[in-house]
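I opened this notebook to record what I looked up in the structure. The entries follow the order in which I worked.

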Amino acid sequence: MRKKKKWLVGMLVIVNVFLLFGCGKRQETREDKVHIGVTYYNQSDTFLNELLAQFKEQLKNPEHEELEATVTILDAAGSQRTQDDQVKELIDMGCDVLCVNLVDRADPSEIIDLARDHDVPIIFFNREPVEEDLRQWDELYYVGAEAKQSGVMQGELAAEVIQKNTQIDKNRDGKIQYVVLEGEAGHQDSIIRTGNAVDTIKNSGIELEKLSYQIANWNRVQAQNRMEQLISQYQNKIELVLANNDDMALGAIDAYKKANYTESAWPVFFGIDGTDAGLRALADSELSGTVYNDKEGQAKAMAKMVEAIGTDEEIAEKYVYLPYIKVTSENIGEFLEK
């Protein structure tokens with residue numbers, strides 16, 4: 001196994017896989033044990049929580065049956081400074097590999113320097129560092145999906161629904177009045193998802209009229225608050241809501257429920273990620289479509305990388321991108337069974 005470290009006692013959050021200890025003090029040194037330190041940008045993110053749950057499940061059944069894995073998971077609470085400190089803490093604890101979901105994808109330098117100085121490989125996930133940063137060291141890896149594909153697919157879903165249902169154009173003006181709920185200001189995935197979704201709808205021949213863009217930071221409660229303001233401002237004028245993720249789409253639906261609008265007066269809502277709650281909303285005909293972000297595939301890819309690092313094997317692919325899948329009322333059953 002790669003370079004071993006001395007272990008320290010004192011963890012914040014410990015998730016046990018097989019053993020009673022995470023990246024903390026161990027009783028003996030073993031070559032068939034890998035200790036994983038995870039830090040992610042915010043524990044309020046539904047998709048990431050589901051992804052990490054899948055990751056832990058994957059680690060329970062490694063291809064190398066004798067390999068034992070322990071995991072320590074830390075929440076950076078939206079602070080890059082906190083995350084930098086957490087990486088140092090995880091390294092000091094003796095972790096053999098780091099899995100990092102960046103707070104700021106454009107600012108991983110301190111994390112990379114710390115890991116390289118201590119010879120601890122990093123698997124970045126879900127939030128991709130810029131290309132130049134990934135090239136800084138040959139022990140940097142990435143698992144995620146292409147943001148452009150999710151935006152294009154969301155636009156395709158929306159276009160298909162609008163073209164099939166003339167009732168969506170409530171005021172019969174030949175245009176679809178829409179609002180966007182974006183993840184984060186200036187965040188690359190937010191910009192890419194929004195731009196490609198809107199362009200795809202327009203390219204299908206549908207005329208759009210933008211009413212508003214609102215930042216809701218991937219969060220359901222914030223999205224509800226933003227949507228309540230938009231309902232107050234535009235009332236029945238909103239015909240389409242494009243949300244950068246399912247949580248924000250569900251927050252928008254919550255706002256219409258709170259305002260006591262009947263479902264026939266709702267706009268159509270589209271999300272991205274295919275979270276459990278998003279899929280249930282689609283099955284209940286509240287959400288009109290979502291784009292499935294393959295958390296099972298990403299978790300499996302991360303687990304395979306960890307296993308390869310833990311057994312000193314070659315990693316076949318340094319950068320793994322799993323495809324998105326469009327989810328509609330027709331194929332929802334396939335995803336509810338996952």
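Helices (H or I, at least four residues) and strands (E, at least two) are DSSP runs, numbered from the N terminus.

I noted that this is a predicted model, in which local features need pLDDT of at least 70, side-chain atom pairs count only at pLDDT 80 or more, and totals for chains, interfaces and linings use all residues. Residues are numbered from 1 along each chain as its sequence is written, and side-chain values use heavy atoms, with hydrogens and water left out.

Entry: helices α2 and α3.
I looked up how α2 (residues 80-93) lies against α3 (residues 109-117), and found an angle of about 10° with the axes 9 Å apart. The two are therefore roughly parallel (angles under 35 degrees; over 145 is roughly antiparallel, 65 to 115 roughly perpendicular, the rest oblique). For contact I took heavy atoms within 4.5 Å. On the α2 side I listed Gln-80, Gln-83, Asp-84, Val-87, Lys-88 and Ile-91, which meet Glu-110, Ile-111, Leu-114 and Ala-115 in α3.

Entry: helix α5.
I then looked for buried positions (under 20% relative accessible area; exposed is over 50%, partly exposed in between; 1.4 Å probe, protein chains only). Among those in α5 are Ala-147, Met-153, Leu-157 and Ile-162. The buried residues of α5 pack against elements including β7 (176-182), α6 (188-203) and β9 (240-243).

The 14 residues of α1 (residues 46-59) should span 20 Å, and I found its end C-alpha atoms 20 Å apart, which agrees. Its buried residues include Phe-47, Glu-50 and Phe-55. Among the elements that cover the buried residues of α1 are β2 (33-40), β3 (68-75) and α10 (295-310). Asp-45 sits in the loop between β2 and α1, and I recorded it as buried, with a relative accessible area of 9%. Asp-45 and Asn-217 are 172 residues apart in sequence, yet 9.6 Å apart in space, C-alpha to C-alpha.

Entry: the whole chain.
I counted 11 helices and 13 strands in the protein chain. Of its 338 residues, 56% count as buried.

Technical notes
Axes fitted to C-alpha atoms, helices over the stretch in contact; angles between N-to-C directions. Expected span 1.5 Å × (residues − 1).
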